[in-house]
Amino acid sequence: MMDEGWVAVDATASAPALVRMMIRLAYDGAAFAGWARQPGLTTVQGRVEDALALIVRRDVRTVVAGRTDAGVHARGQVVHCDLTEAEYAALNRGKTLSAEEALKRRLNGILKRTGAGAVVIHETQRAPQGFDARFSALWRRYSYRTSDASITVDPLVRNSTLYVDATLDVDLMNREAQSVLGHHDFLSFCKPREGATTLRTLQDFRFERDSFGYITAHLQADAFCHSMVRSLIGASLLVGEGREEAGWLRHRLELQVRDSRSLLAPPHPLVLEEVKYPEESQLEARANMTRARRRPAESSQA
């Protein structure tokens, strides 16, 4: 959004000197058509960048740790943006409040007015040298909650839980999940983008039934390609319900094909829980290594 009288600042340029801000936030994905800004649609990125623009009086580009699909939630999303030194110094408007706390309060005030609290800023801070919200990340962790036929349906959690009519075999689903751990080409479980790799390292994938009977999947990887989490969950559910034989996930992984037998689980129970970064001294090295492995056009999206 560019208003008359606003100035454009190239956040990638070497001049003027820029201050990189790290922002941690959470959002209810049901209110948005995904993270990424899209013409004519309400998105998380659009809301956050519009709020930043109101504060600094120019368009501000954000870079996100992991782009989320429409309906997908986040508790631990991370973005960065670049401000000029003058913009950073003016954030507290002359008050004794720190610039970081002032930015957090001002963003939350705007977001509360414009989005009824669907986006909440948890933390803003001046980022360490070399920090990149996307490329510096070591891993992303997601959760996905399911209710099966073994428990009574609770309508109060219907907006964040998938209801399955069958009784799921959690032990079998865990064996399936274990079979695809490690570094693989996850083409069968991704919507590939032109020029982007589907090689990923799946570090953790497991299902746990809690004391109330809900089944929560936990997935962690260095990054997730488009629809990877929901595809892995969908395939696991097919086996857990008995609609596919044991070994289905490994078979699909090795088949290297995405076709009509691929099941994409609904988005509303999916939550980006956490993004992990290395120690400050390793941030720049991690970002450089990740850039070298992946093409610039590639995104991490669940």
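Which residue does UniProt list for "binding site" in its unreviewed entry? The exercises below work towards this residue, using a predicted model.

**Exercise 1.** Describe the surroundings of α1 and what is found at its start and just after it.

*Solution.* Start with burial: ten of the 13 residues of α1 are buried, so that the helix is mostly covered, and among them are Val44, Val48, Leu52 and Ile55. Next, look for the partners of these buried residues, which pack against several elements, including strands β1 (18-27) and β3 (73-84) and helix α3 (99-115). At the start of the helix, a side-chain oxygen of Thr43 comes to within 3.0 Å of the backbone nitrogen of Gly46, while just after α1 Arg57 has a positive phi of about 65°.

**Exercise 2.** Identify the listed residue and decide whether Tyr142 is buried or exposed.

*Solution.* The unreviewed UniProt entry lists Tyr142 for "binding site", and this residue is found in strand β5, residues 139-147. Because its relative accessibility is 1%, and buried means under 20%, Tyr142 counts as buried. Finally, beyond its neighbours within four places in sequence, Tyr142 is in contact with residues including Thr68, His218, Phe224, Leu270, Glu273 and Ala302.

How values were computed: Residues numbered from 1 in each chain as written. Predicted model: local features only at pLDDT ≥ 70, side-chain atom pairs only at ≥ 80, totals over all residues. Heavy atoms only, no water. Buried < 20%, exposed > 50% of the residue type's maximum accessible area, 1.4 Å probe, protein only. Helix = DSSP H or I, 4+ residues; strand = E, 2+ residues; numbered from the N terminus. Contact = heavy atoms within 4.5 Å. Polar contact = N/O pair within 3.5 Å; in protein donor to acceptor, adjacent residues only side chain to side chain. UniProt positions renumbered as here; feature names shortened; annotations may be inferred.
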